Amino acid sequence: MNWLSSSSTAASTFLSPSALLPPPTHGFSSVTFKVWKKKNRCIRKARRIEISAKFVLEPPPYPLNALEPIMSQETLEYHWGKHHRTYVDNLNSQIDGTDLEEKSLEDTVVISYNKGDFLPAFNNAAQAWNHDFFWESMKPGGGGKPSGDLLKLIERDFGSFEKFLDEFKTAAATQFGSGWAWLAYKESKLDVGNAVNPLSSDEDKKLVVVKTPNAVNPLVWNYYHPLLTIDVWEHAYYIDFETRRPDYISVFMDKLVSWDAVSSRLEQAKARMMEREKEAERKKREEKPRSSEPNPEIYSDSDAELGADE
């Protein structure tokens, strides 16, 4: 089945479950978005305008009923099958024929954020990325307590795992209106053009909890590496929890979080930080002025003649 063959529906229209279920497979890929080469791109027609589909909606990395009874299949069918689909379809329409067409999804988010002066593609690009990240932040039988390096950093930066839980839940519960709460790994850097950033040690890098409105995510702030997110838009929890957002947040943290995914993202963030530090050091060496020998003294013939007369 071609998942991009049907055009997007209005946000208020509910799709039937049968229209949303993925085709039977033996397992789902953890990669949600794929960049297609031009020669293989899927072409669909919507409103008589030919659209080249670059980003492909794929299902979460588990069956849609795998999180039951904590998060219902109906919620996944509605949230993933309708809202997430709409963001991807709209994004493909917006970037078609633009400079963003050849960019990765992550680059599209950062470029279209445009330092807070959003370009048209930003909301759909960021929401497509956010939802992909959100599905992979959960797993059947999740929750509990992390281990290893991740737990050590949580205890170092928040005082204890319990204090981290309180801070994360509070951030998610107090995000006004629609938005997201995040656990991120922050580099100790100043995002200021005329500032000199010394290389930091591991102790300077911190885990932080942040919250963002609407589609905004930490990718748009330089030196923040997202590790975990919870969607606190009402459509993420209304079917199962109605208006009880705090209950949804508690269940998410206690029974759904994939700490394996968070730990893997932490290691990836450390690797990216190391590469950035190496690149900064390389540029610093290249920009250092080369030492030069002192200019030799040059005497004119007239100077020599004057010396001879003396």
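Helix H2, residues 73-95, has 23 residues. From its first C-alpha to its last, H2 reaches 31 Å, close to the 33 Å expected at 1.5 Å a residue. The expected span is 1.5 Å times one less than the number of residues in the helix. Helices (H or I, at least four residues) and strands (E, at least two) are DSSP runs, numbered from the N terminus. The model is a predicted one, in which local features need pLDDT of at least 70 and side-chain atom pairs count only at pLDDT 80 or more, while totals for chains, interfaces and linings use all residues. Residues are numbered from 1 along each chain as its sequence is written, and side-chain values use heavy atoms, with hydrogens and water left out.

H2 bends by about 25 degrees at Arg85. The bend is the angle between axes fitted to the seven residues ending at a residue and the seven starting there. H2 is mostly covered, with 18 of its 23 residues buried. Buried means under 20% relative accessible area, exposed means over 50%, and partly exposed lies in between (1.4 Å probe, protein chains only). Thr75 is part of H2. Thr75 is buried, because its relative accessibility is 1%. Leaving aside residues up to four places away in sequence, Thr75 touches Trp80, Ala236, Ile239 and Asp240. Contact here means heavy atoms within 4.5 Å. After H2 comes Gly97, with a positive phi near 80 degrees.

The protein as a whole has ten helices and five strands. Of its 310 residues, 44% are buried. Among contacts between residues at least 6 apart in sequence, 75% join residues at least 24 apart.

Helix H5 (residues 148-158) packs against helix H9 (residues 259-287) at an angle of about 80 degrees. Their axes are 9 Å apart. Axes are lines fitted to C-alpha atoms, for helices over the stretch in contact, and angles run from 0 to 180 degrees between N-to-C directions. H5 and H9 are therefore roughly perpendicular to each other. Angles of 65 to 115 degrees count as roughly perpendicular, under 35 as roughly parallel, over 145 as roughly antiparallel, and the rest as oblique. From H5, Asp149, Leu150 and Leu153 take part in the contact. They meet Trp259, Val262, Ser263, Leu266, Glu267 and Lys270 in H9. By class, this contact of H5 with H9 has five nonpolar, one polar and three charged residues. Ala, Val, Leu, Ile, Met, Phe, Trp, Tyr, Cys and Pro count as nonpolar, Asp, Glu, Lys and Arg as charged, and the others, Gly among them, as polar.

Ser258 sits in the loop between helix H8 (245-256) and H9. Ser258 is buried, at 6% relative accessibility. Not counting residues up to four places away in sequence, Ser258 touches Glu136, Ser137, Met138 and Lys139. Asp132 belongs to helix H4 (residues 122-135). Asp132 is buried too, with a relative accessible area of 13%. Its C-alpha is separated by 9.1 Å from that of Pro59, 73 residues apart along the chain.

Some backbone angles call for mention. Most residues other than glycine have a negative phi, and most peptide bonds are trans. Lys115 is not a glycine, yet has a positive phi of about 55 degrees. Lys115 lies in the loop between helix H3 (105-113) and H4. Lys115 is exposed, with a relative accessible area of 83%. Glu242, not a glycine either, has a positive phi of about 55 degrees. Glu242 is in the loop between helix H7 (238-241) and H8. Glu242 is partly exposed, at 47% relative accessibility. The peptide bond from Glu68 to Pro69 is cis, with omega near 0 degrees. Pro69 is in the loop between strand E2 (49-53) and H2.
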